[in-house]
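Thanks for passing this one along.

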Amino acid sequence: MKTDRLLFGAAYYDEYLPVDRIETDMDMMARAGMNVIRIAESTWSTWEPREGVFDFTHLHRMLQASARHNIQVIIGTPTYAVPAWLARKYPDIITETHDGPGRYGHRQNMDITHPQYLKHAEIIIRKLMEEVRPYDHVIGFQLDNETKAYDTCSSYAQTKFVSYLRELFHDDLQALNHAWGLDYWSNRINSWEEFPDVRGTINGSLGAEYQKFQRKLAADFLAWQSAIVSEYARPDQFITQNFDYEWRNYSYGLQPDINQWDASPDQIRILSAGIISRRPASPESRLGIRLLEQPHQQLGRISRCAGYHQRQSGR
């Protein structure tokens, strides 16, 4: 997608607000020069309060109000926080990690390899795409939000990992044992069917390969979503995603839980907490940079980096 103007806006959640102020908010944003909002990515339980029961009231309120104020819209797929009914029906959708089993409540704690999670995620994505299809001012789609594998160590993920290793080592366990020195402390694996739970490994190579595999899971998950959304997107609508920085009591400056170069369907990388990182596919593709989230304390850093880029490019 190419645009002849700077897109400047905010995430907006009518469904969060305790009072009706949507017209006031849209008017204030328009008067502030904002021309785009991102919506819909955080509230699966609002769009589908019970299995198979859908309520897009707030979605249409935001879409209709934004159209009245000439504000364009980016739609996010609402898959990074699961509804309570889904977790109750399939408790193991809340994934096990290196720290043990999870609990329902916070976001980004699901197993992105769980067949029932993927089944229901596809249902809500398709329902959402059908609802927004009539609106011409929807300019693009954000896949999920701050996507990672969330350290999933579920049985589904580990079964996929064994299949991944069999392909990587051409089904040769002897080659795997030799490459990673698994004779040490009797860690040798003599049968694929006996492959141990990766959470117990003391072998750095095996542990690192599982982390690499988890990054692949996240990239594959985004590619899967992109294929679904592409069925509905118009040629003039973009598909992108929103990556965050790791937080270590401060913005760490990278996100080690996903390979952002492999996880983009359209060669565009967005980091939600600060600097934009990307690898242009062509000189023309420089027009495609999008920053979908920006904490206010980071604005000075962005300005300094923009100034540096302009000096380096002679602009």
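Which residues do ring pairs link into a cluster? I take that up in the first point.

1. The cluster consists of Phe-161, Tyr-164, Trp-192, Phe-195, Tyr-210 and Phe-213, linked through ring pairs. Please keep in mind that this is a predicted model. The structure holds 15 aromatic pairs, and two of them are described in the points that follow.

2. Let me begin with Trp-44 and Tyr-117. Their ring centres are 6.3 Å apart and the planes meet at 50 degrees, so this pair counts as tilted. It links distant parts of the chain, as Trp-44 belongs to helix 2 and Tyr-117 to helix 5, 73 residues apart. Both residues are buried.

3. Phe-161 and Phe-213 make another tilted pair, with 5.3 Å from centre to centre and 50 degrees between the planes. Here too distant parts of the chain are linked: Phe-161 sits in helix 6 (residues 155-168) and Phe-213 in helix 8, 52 residues apart. Phe-161 has a relative accessible area of 0% and is therefore buried. Phe-213, at 4% relative accessibility, also counts as buried, because the cut-off is under 20%.

4. Now for the nonpolar core. The largest one has 68 residues, and the members that touch the most others are Ile-39, Leu-59, Ile-75 and Phe-195. Helix 8 (residues 204-230) supplies the largest share of this core, with nine residues. Phe-195 is also a member of the aromatic cluster.

5. Setting aside neighbours within four places in sequence, Leu-59 is in contact with Ile-39, Ala-40, Trp-47, Ile-75, Leu-128, Glu-131 and Val-132. Leu-59 is one of the buried residues of helix 3, along with His-60, Met-62, Leu-63, Ala-65 and Ser-66. The elements covering these buried residues include helix 1 (22-31), strand 2 (36-39), helix 2 (44-47), strand 3 (72-76), helix 5 (115-132) and strand 6 (138-143).

6. After the helix comes Asn-70, with a positive phi near 55 degrees.

7. Strand 3 has four of its five residues buried, so the rest of the structure largely encloses this strand. Strand 2 runs parallel to strand 3 and is joined to it by four bridges, with Ile-39 opposite Ile-75. Strand 6 is likewise parallel to strand 3 and joined by four bridges, and there Gly-76 stands opposite Gln-142.

8. Pro-83 lies in the loop between strand 3 and helix 4 (84-89). Is Pro-83 buried or exposed? Its relative accessible area is 0%, so Pro-83 is buried. Not counting residues up to four places away in sequence, Pro-83 touches Trp-44, Ser-45 and Tyr-104.

9. Finally, a word on confidence. The protein chain has an average pLDDT of 85, and 82% of the residues score at least 70. Residues 265-287 have a pLDDT below 50, yet this stretch has 69 contacts in the model beyond near neighbours in sequence. Residues 297-315 are also below 50, with 15 such contacts.

Conventions:
Residues numbered from 1 in each chain as written. Predicted model: local features only at pLDDT ≥ 70, side-chain atom pairs only at ≥ 80, totals over all residues. Heavy atoms only, no water. Core = buried A, V, L, I, M, F, W, Y, C linked by side-chain atoms within 4.5 Å. Buried < 20%, exposed > 50% of the residue type's maximum accessible area, 1.4 Å probe, protein only. Helix = DSSP H or I, 4+ residues; strand = E, 2+ residues; numbered from the N terminus. Contact = heavy atoms within 4.5 Å. pLDDT = per-residue confidence, 0-100. Phe/Tyr/Trp six-rings, centres within 6.5 Å; stacked < 30°, edge-to-face > 60°. Pairing = 2+ DSSP bridges.
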